Amino acid sequence: MDSFTSFLNLKRPSSGKGDTQRKHNDQKQTENAIVISFQDVCYDIHFGHVPMEQLIVADLKERCKRITGVPLATMKLKVSGAFIKDDSASLQSSGIYRGCLIYVLGEKANTEQVKQTASGNPEEVGYMTRVSKIMEKVESSKSKIEQFDMMVIYILQGVETSSEKRKETEDLGIYLNEVLMQALIALDGVDCPFEFQTARANRKKGVKECQELLDRIEGSRSSLKQYFNSGMKI
């Protein structure tokens, strides 16, 4: 039978050491496979022969970036209904195991956005997006800041004298102070690399605006406090 096979130039599947090793390697890659979902499309991610216990979240994010094009600065990963917050944590401690499904959230940087950067790097767009999202919350609070200023003026001019209005005004001042302080903390957490000059400039501008609004609110709160401490005469 062997001679007949040789005559037809056919080869039997080898069961030697090489095939055994190949099967073992394929099995190891399959064991390290993770499934990600981005915009309703699923992708398999393989880490080759690197054991899962040696991988951290940052490793996974790098792979996700290559597949999805989402900048690391704005990428969020969600597994089992919870967002992963620590990039330095191991995959296992983050609840990520082989075969599990991870949702990738974020937006790709388009060509126009990249053109607005000094570096021409899509990753810089991610930092700019983070800054703009923080400042959107600040922008939405400006109408309440105007309202707070008017409430303070009415109290100082004696138009509003009720204790209820005083408490409402004081509570609004505290709330706005907290909003701006949280915005400053969030901006401080946007650690833009030195080469991303456009993002750094946007962040600096945001910090300046938040500080100016904070000083404005603190000035009104100080006037209000002085007014009440002086027996409502100012």
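This report describes the secondary structure, helix packing and selected residues of a predicted model.

## Basis and overall make-up

Residues are numbered from 1 along each chain as its sequence is written, and side-chain values use heavy atoms, with hydrogens and water left out. Because the model is predicted, local features need pLDDT of at least 70 and side-chain atom pairs count only at pLDDT 80 or more, while totals for chains, interfaces and linings use all residues.

The protein contains 8 helices and 5 strands; these are DSSP runs numbered from the N terminus, with helices (H or I) of at least four residues and strands (E) of at least two. Read from the N terminus, the order of elements is α-α-β-β-α-β-β-β-α-α-α-α-α. Of the 234 residues in the protein, 32% are buried (buried means under 20% relative accessible area, exposed over 50%, partly exposed in between, with a 1.4 Å probe and protein chains only).

## Packing against helix H8

Two packed helices are described by the angle between their axes and the distance between the axes. Helix H7 (residues 163-188) packs with helix H8 (residues 197-229) at an angle of about 155 degrees, and their axes are 10 Å apart. Axes here are lines fitted to C-alpha atoms, for helices over the stretch in contact, and angles run from 0 to 180 degrees between N-to-C directions. H7 and H8 are therefore roughly antiparallel (angles over 145 degrees count as roughly antiparallel, under 35 as roughly parallel, 65 to 115 as roughly perpendicular and the rest as oblique). The crossing of H7 with H8 is left-handed, meaning that the near helix is turned anticlockwise from the far one by less than a right angle; clockwise would be right-handed. The contact of H7 with H8 has 14 nonpolar, 5 polar and 6 charged residues (nonpolar: Ala, Val, Leu, Ile, Met, Phe, Trp, Tyr, Cys and Pro; charged: Asp, Glu, Lys and Arg; polar: the others, Gly among them).

Helix H5 (residues 122-140) also packs with H8, at an angle of about 15 degrees and with axes 9 Å apart. H5 and H8 are therefore roughly parallel, and H5 passes H8 in a left-handed crossing.

## Helix H6

The 15 residues of helix H6 (residues 142-156) should span 21 Å at 1.5 Å a residue, and the end C-alpha atoms are 21 Å apart, which agrees. The expected span is 1.5 Å times one less than the number of residues.

Ile145, Phe148, Asp149, Met151, Val152 and Ile155 are buried in H6. They cover an arc of only 165 degrees around the axis, so they lie on the same side of H6; the arc is that of the directions from the helix axis to the C-beta atoms.

## Positive phi in two loops

Most residues other than glycine have a negative phi. Asp40 is not a glycine, yet has a positive phi of about 70 degrees. Asp40 is in the loop between strand S1 (34-38) and strand S2 (41-45) and counts as exposed at 79% relative accessibility.

Ser80, also not a glycine, has a positive phi near 55 degrees. Ser80 is in the loop between strand S3 (76-79) and strand S4 (82-83), and at 70% relative accessibility counts as exposed.

## Pairs separated in sequence

Asn202 lies in helix H8 and is partly exposed, with a relative accessible area of 31%. Asn202 and Val131 are 71 residues apart along the chain, and their C-alpha atoms are separated by 7.0 Å.

Gln113 is in helix H4 (residues 111-115) and is partly exposed, with a relative accessible area of 27%. Gln113 and Met128 are 15 residues apart in sequence and 9.3 Å apart in space, C-alpha to C-alpha.
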